[in-house]
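Subject: Structure handover

Hello,

Here is the structure we talked about. Please open it alongside this note; my findings follow.

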Amino acid sequence: MPEDVFETEAWFANLLAHGFERAPQQHWKWPLPVSSHGGTAYLHLMQQMPGKPLSALSNYYSCLYGPTGPLEAIHGLSAGQWRAAAKALRHIPGGEVLRLQPLDDDSPWLAALQSGLQAAGYWTNRYFCFGNWYQTVPHGGFGAYWAQRPSALRHSVSRGRRRLTRAGEWRVDIHTGESSHLDCALSAYEAVYSQSWKQPEPCPAFMPGLVHTAARQGWLRLGVLWAGDQPLAAQVWLVHAHKANIYKLAYVQGQDRFSPGSVLTAALMQHAMDVDRVLEVDYLSGDDAYKRDWMAQRRERIGLMAFDRRHWRGFLAWGRHRLGRLRSLVSGAVR
């Protein structure tokens, strides 16, 4: 089983079909060497336009990137096989410069790939992408987790629930699979999103495609907070491999007195911890201040660039990259 929802064939299929304003010029489902454990792992790669670097099939919708396929096939590759894979990248258009992001800085496959690239004659450089807040689930599930949250957050959720109750009937619906009610829930999500502070989706078909993909795969946790027949908040979570990913969230502007976003997050958190029995909840990309109230741990997602020093394009790109970094350092020192 892949380690993460963003490292599955279903994720990449929806991203490629619906997640680009301008489709990549070329896309490869590129096989890695077959390990001693059997099975084949793949890297989904793309070239946006002729002459551009070879890059991960990822963009602003991607919160993590990695190979697809059995873990044994990925982790069972030898150093020599990773070097052979790196050499083979030279034969893919744009392979003089490789850009992969966002990545888990501690991933064993990443360290192995970087070593293979260096052995094959590439210069490599890691760089920061974004902070990632997450929470390992404590023994005792949601009850133990909730007791550890800041009092201001717990009081905000309690106050929001009381105000919702005084205002009339309200409920939280959580949709987990394909059903006759899913399209209604998706419409509610889109209605909330359109009335929130969020910018319109650059690719309008992406989220409907992801919701239905997630429903078929068993990942979906689409939560909607209803006040009467009006949706006030909606969130899309993706649960896979014992991890709950908080992917999209929005609430209707002007309804802050009900704390609808926090009330819904608490309900989904309880479902993920006590019903799904996840081991980790991940707030994905960004260092937004509110995430620190919900999560106790932080890590970083990074990118990797590699430059083929044996090819003039890779050599020149490396020089430009180094010059850009030097200018940034000088500019920072001056300020």
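Buried means under 20% relative accessible area. Keep that cut-off at hand for what comes next. One caution before the details: this is a predicted model.

**Aromatic pairs**

Start with Phe307. Its relative accessible area is 1%, so Phe307 is buried. Trp318 comes out at 16%, so Trp318 is buried as well.

The count of aromatic pairs comes to 17. One of them joins Phe12 and Tyr65. Their ring centres are 6.0 Å apart, with 80 degrees between the planes, and the pair is edge-to-face. It links distant parts of the chain. Phe12 belongs to helix α1 (residues 9–18), while Tyr65 sits in the loop between β3 (54–56) and α2 (71–75). The two are 53 residues apart. Both Phe12 and Tyr65 are buried.

Phe307 and Trp318 also pair. Their ring centres are 5.2 Å apart and their planes meet at 65 degrees; planes over 60 degrees apart count as edge-to-face, so this pair is edge-to-face. Phe307 lies in strand β11 (residues 297–308) and Trp318 in helix α11 (residues 312–334). They are 11 residues apart.

Phe6, Trp11, Tyr60, Tyr61, Phe206 and Tyr247 form one aromatic cluster.

**Charges over rings**

Two cases to look at:

- Lys29 lies over the face of Tyr42, 4.5 Å from the ring centre.
- Arg299 lies over the face of Tyr134, 3.7 Å from the ring centre.

**Helix α9**

Just after the helix, Arg277 takes a positive phi of about 60 degrees.

**The largest pocket**

What volume does the largest pocket have? The value is about 820 Å³. Its lining holds 35 residues. Trp197, Lys198, Leu249, Tyr290 and Lys291 lie nearest the centre.

Several elements each supply at least two lining residues: α6 (151–167), β9 (243–251), α9, β10 (280–285) and α10 (291–294). Which element gives the most? That is β9, with six residues. By class, the lining has 20 nonpolar, eight polar and seven charged residues.

Tyr290 deserves a separate look. Tyr290 is found in the loop between β10 and α10. Its relative accessibility is 36%, so Tyr290 counts as partly exposed. Tyr290 and Arg171 are 119 residues apart in sequence, and their C-alpha atoms are 24 Å apart in space.

**One more residue**

Ala56 is found in strand β3. At 2% relative accessibility, Ala56 counts as buried. From Ala56 to Ala167 is 49 Å in space, C-alpha to C-alpha, and the two are 111 residues apart in sequence.

Over to you.

Best wishes

Conventions
Residues numbered from 1 in each chain as written. Predicted model: local features only at pLDDT ≥ 70, side-chain atom pairs only at ≥ 80, totals over all residues. Heavy atoms only, no water. Helix = DSSP H or I, 4+ residues; strand = E, 2+ residues; numbered from the N terminus. Phe/Tyr/Trp six-rings, centres within 6.5 Å; stacked < 30°, edge-to-face > 60°. Buried < 20%, exposed > 50% of the residue type's maximum accessible area, 1.4 Å probe, protein only. Lys NZ or Arg CZ within 6 Å of the ring centre and 35° of its normal. 1 Å grid on protein atoms, 1.4 Å probe; cavity = no way out; pocket = protein on both sides within 12 Å on 5 of 7 lines; lining within 4 Å. Points joined across faces, edges and corners; volume = space filled by probe spheres on them. Nonpolar A, V, L, I, M, F, W, Y, C, P; charged D, E, K, R; others polar.
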